[in-house]
Amino acid sequence: MNLKSLAIALGMSKTTVSRALNGYPEVNFRTRERVLAAAKEVGYEANPMARSLAVGRSNVVGIIYPLLPTDLGDAMFLGVVAGMSEALEAKKMNLIIAPVSPHNEQPSYEHMVRGKRVDGLVVGRTLVHDERIAYLSRAGFPFVAHGRTRSETPYAWFDYDNEAGIRLGVERLLGLGHQRIALVSAPLELNFARQRKDSFVRSMAAAGLAIDPHHLIENTLDRRTGYQAMQQLLACSPRPTAVIVDNHLSGVGAVRALLDAGIDIGKDISVIVWGSVEDTLVGSNVTTIDQPEPRQAGAKMIDMLLSLLGGTPPSQLQVLWQPILLPGVTVGVCTQRV
């Protein structure tokens, strides 16, 4: 049975039946209940394509993502995506992830916007200066940024407090007597990496401690580069007594390098990793700066995007969650002379 047949059977106009099925508020309760009951009785289901054309919506949210090989095994990334999917499914909407090569990322955004293939976008791995966000803002296209960027135009964003998280880690190490503390960073064009490094530098300066330039290593965003970064730190003289790794993908490689070198982690060198590494081969007792509830974070971003589609101004959709420091066996009292 199609919409026309259902309307004839009920003695109503197609418009009234369509509005009742789609929950329009101008249709009174009794009419809506009667239409829904009849539709259920005859097994009528609305044509999603026709419905999308009628309301000007695709009922699809997109993520354009330059996927790295490690992303597919990244529990944190998959947790956020799962939360997004569940939130959209509850609204009978869908999520698509469009993997692209890095050089084709910006054209892919423009193609997606011009084609109106999705109702809105979630922009991940935000940059300090992010042309994707600038473009979407100029185009007036609905989006929520997973992370922040330097932009004078208000935009909707969700993020964890990068400055506070690193400060928690540094203060924990300082309290245990560490003074030679190293930082392993993701590429600094990524906004989270820049914010975390700036926080590290400020926290060390506030403690009156100079940072050995050799103890600042950048451009690590996977296990291989994390492994190599830790090898560099082990070759330093003097080497650091503690290391903070600003992303969990590199953290796995960094911890692995210490294990392979026979280092007694937590005694010879202390390590704090931003993000959970509990699902990896390095174990579940690593001290971490944790981003709580990744699934709820994904759901929150979808809630924000739907609010944006409903007319809420972007300036009212800016959410900052707090990280927490989870204790583990990889941090201990510094026993080395400075």
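1. A cavity here is a set of points, on a 1 Å grid over the protein atoms alone, where a 1.4 Å probe fits but cannot get out; a pocket is an open set with protein on both sides within 12 Å along at least five of seven lines, and lining residues have an atom within 4 Å of a point. Grid points are joined across faces, edges and corners, and a volume is the space filled by probe spheres set on the points. With that in hand, a search of the whole structure turns up one cavity of 30 Å³ or more.

2. Some ground rules before going on. This is a predicted model, so to speak of local features takes a pLDDT of at least 70, and side-chain atom pairs count only at pLDDT 80 or more, while totals for chains, interfaces and linings use all residues. Residues are numbered from 1 along each chain as its sequence is written, and side-chain values use heavy atoms, with hydrogens and water left out.

3. Now the overall picture. The protein chain has 12 helices and 12 strands; these are DSSP runs numbered from the N terminus, with helices being H or I of at least four residues and strands E of at least two. Its C-alpha trace spans about 90 × 40 × 30 Å along the principal axes. Of the 338 residues, 47% are buried, where buried means under 20% relative accessible area, exposed over 50% and partly exposed in between (1.4 Å probe, protein chains only). Take the contacts with a separation of 6 or more: 67% of them are between residues 24 or more positions apart. Contact means heavy atoms within 4.5 Å.

4. Back to the largest cavity, which has a volume of about 600 Å³. Its lining counts 30 residues, and Y65, R125, H146, F192 and Q291 are the closest to its centre. Which helix gives the most to this lining? That is α5, with five residues. Elements that each supply at least two residues include β1, β5 (156-160), α9 (191-206), α11 (248-260) and α12 (294-309). By class, the lining has 15 nonpolar, nine polar and six charged residues. For the classes, Ala, Val, Leu, Ile, Met, Phe, Trp, Tyr, Cys and Pro count as nonpolar, Asp, Glu, Lys and Arg as charged, and the others, Gly among them, as polar.

5. The second largest pocket holds about 350 Å³ of space. It is lined by 14 residues, and P66, E105, R125, L127 and L190 lie nearest its centre. Seven of the lining residues are nonpolar, one is polar and six are charged. Both α6 (105-115) and α7 (131-139) supply at least two residues of this lining, and the next two points take these helices in turn.

6. In α6, the buried residues are E105, S108, Y109, M112 and V113. They cover an arc of only 130° around the axis, so they sit on the same side of α6; the arc is that of the directions from the helix axis to the C-beta atoms. Their cover includes β1 (60-65), β2 (94-99), β3 and α7. After the helix comes K116, with a positive phi near 50°.

7. α7 has R132, I133, Y135 and L136 buried. Seen down the axis of α7, these fall within an arc of 160°, so they line one face of the helix. Among the elements covering them are α6, β3 (120-123) and β4 (143-146). Just after α7, G140 takes a positive phi of about 70°.

8. Have a look at β9 (residues 270-274) too: five of its five residues are buried. S270, I272 and W274 point one way from the strand, whereas V271 and V273 point the other way. Strand β8 (residues 242-245) runs parallel to β9 and is joined to it by four bridges; two strands pair if DSSP finds at least two bridges between them. In this pairing, A242 stands opposite S270.

9. Finally, two single residues. S203 is in helix α9 and counts as buried because its relative accessibility is 11%. Not counting residues up to four places away in sequence, S203 touches R167 and V170. Leaving aside neighbours within four places in sequence, I217 has contacts with L183, V184, S185, A229, Q232 and L233. The C-alpha atoms of I217 and F29 are separated by 63 Å, and the two residues are 188 apart along the chain.
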